[in-house]
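Welcome! Let us take a friendly walk through a protein fold, one piece at a time. Have a look at the sequence and the structure before reading on.

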Amino acid sequence: MKVSDGGFLGLAAGHSSRFGRCRFAEQFIASASFLSLTITKLQKIDFNTHGTSSTEKNTLKIAQTMGIDTILMPRASEGMAYSIAFGVEACQDWQGIILCLADMPFIETPIYQKILDPVRARDPQIIRPNNRGKAGHPVYFSHHFFKELRLLEGDSGAKAIVEKNKLFV
């Protein structure tokens, strides 16, 4: 797969409800927000980067200032699955997509690169990292799963697709 055939889809449209508040624009360290730290790590890799975003002004400003193509979601409150479905629809010409949660600044660039290396070498179906036996993020999906991703609803993300297709992970 050529690098230009896919990309990162940063999910920053919701409200980080699993944390009880929107954290994307919050300062993580004195000089950077959760979102800006995540974007900085993604931009170190030669791969397309798009982001889903609600109309929350601070989130939009950060992404746009950092040069991220932003896909505005009209119904961001409908949950993470809708954010994934909406973003995948906008990137349907890609051959694969790496779903990244924009409020996870602890994921370092080498982890993103580790997901991308097998993508460049062959056409994998799903790649999901593990840390001490626990499945984590980001997650790569080949274009074979775009139809299922576009049909997602609710706030559970793409976990059900990964579980249903364990043979391909």
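## Starting with one leucine

Is L60 buried or exposed? L60 is buried, because its relative accessible area is 13%, and buried means under 20% relative accessible area, exposed over 50%, and partly exposed in between, using a 1.4 Å probe and protein chains only. L60 is found in helix α2. Between L60 and A12 there are 9.1 Å in space, C-alpha to C-alpha, although the two are 48 residues apart in sequence.

## How to read this model

This is a predicted model, in which local features need pLDDT of at least 70 and side-chain atom pairs count only at pLDDT 80 or more, while totals for chains, interfaces and linings use all residues. Residues are numbered from 1 along each chain as its sequence is written, and side-chain values use heavy atoms, with hydrogens and water left out.

## The overall picture

The protein has six helices and ten strands. These elements are DSSP runs, numbered from the N terminus: helices are H or I with at least four residues, and strands are E with at least two. Of the 169 residues in the protein, 49% are buried.

A contact means heavy atoms within 4.5 Å. If we take the contacts between residues at least 6 apart in sequence, 62% of them join residues at least 24 apart.

Strand β6 covers residues 96-101, and six of its six residues are buried. Both of its faces are covered: G96, I98 and C100 are buried on one side, and I97, L99 and L101 are buried on the other.

Which strands pair with β6? Two strands pair if DSSP finds at least two bridges between them. Strand β1 (residues 6-12) pairs with β6 in the parallel sense, over six bridges. Strand β10 (residues 139-142) runs antiparallel to β6, and four bridges join them.

S142 itself counts as buried because its relative accessibility is 0%. Leaving aside neighbours within four places in sequence, S142 is in contact with Q95, G96, D123, P124 and Q125.

## Two helices side by side

Now let us turn to a pair of helices. The axes of α1 (residues 34-43) and α2 (residues 57-65) come within 10 Å and cross at roughly 25°. Axes here are lines fitted to C-alpha atoms, for helices over the stretch in contact, and angles run from 0 to 180 degrees between N-to-C directions. The two helices are therefore roughly parallel to each other, since angles under 35 degrees count as roughly parallel, over 145 as roughly antiparallel, 65 to 115 as roughly perpendicular and the rest as oblique.

Which residues make the contact? From α1 come L35, S36 and I39, and from α2 come T59, I62 and A63. By class, the contact has four nonpolar, two polar and no charged residues. In this scheme Ala, Val, Leu, Ile, Met, Phe, Trp, Tyr, Cys and Pro count as nonpolar, Asp, Glu, Lys and Arg as charged, and the others, Gly among them, as polar.

Apart from neighbours within four places in sequence, S36 is in contact with I62 and M66.

## A glutamine in helix α4

Q113 lies in helix α4, which spans residues 109-121. With 23% relative accessibility, Q113 counts as partly exposed. Setting aside neighbours within four places in sequence, Q113 is in contact with I45 and R120. The C-alpha atoms of Q113 and K44 are separated by 9.4 Å, and these residues are 69 apart along the chain.

## Two loops to find

Where does P138 lie? P138 is in the loop between β9 (134-135) and β10. A cis peptide bond joins H137 and P138, with omega at about 0°.

The loop between β8 (130-131) and β9 holds R132. R132 is not a glycine, yet its phi is positive, at about 55°. R132 is exposed, because its relative accessible area is 83%.
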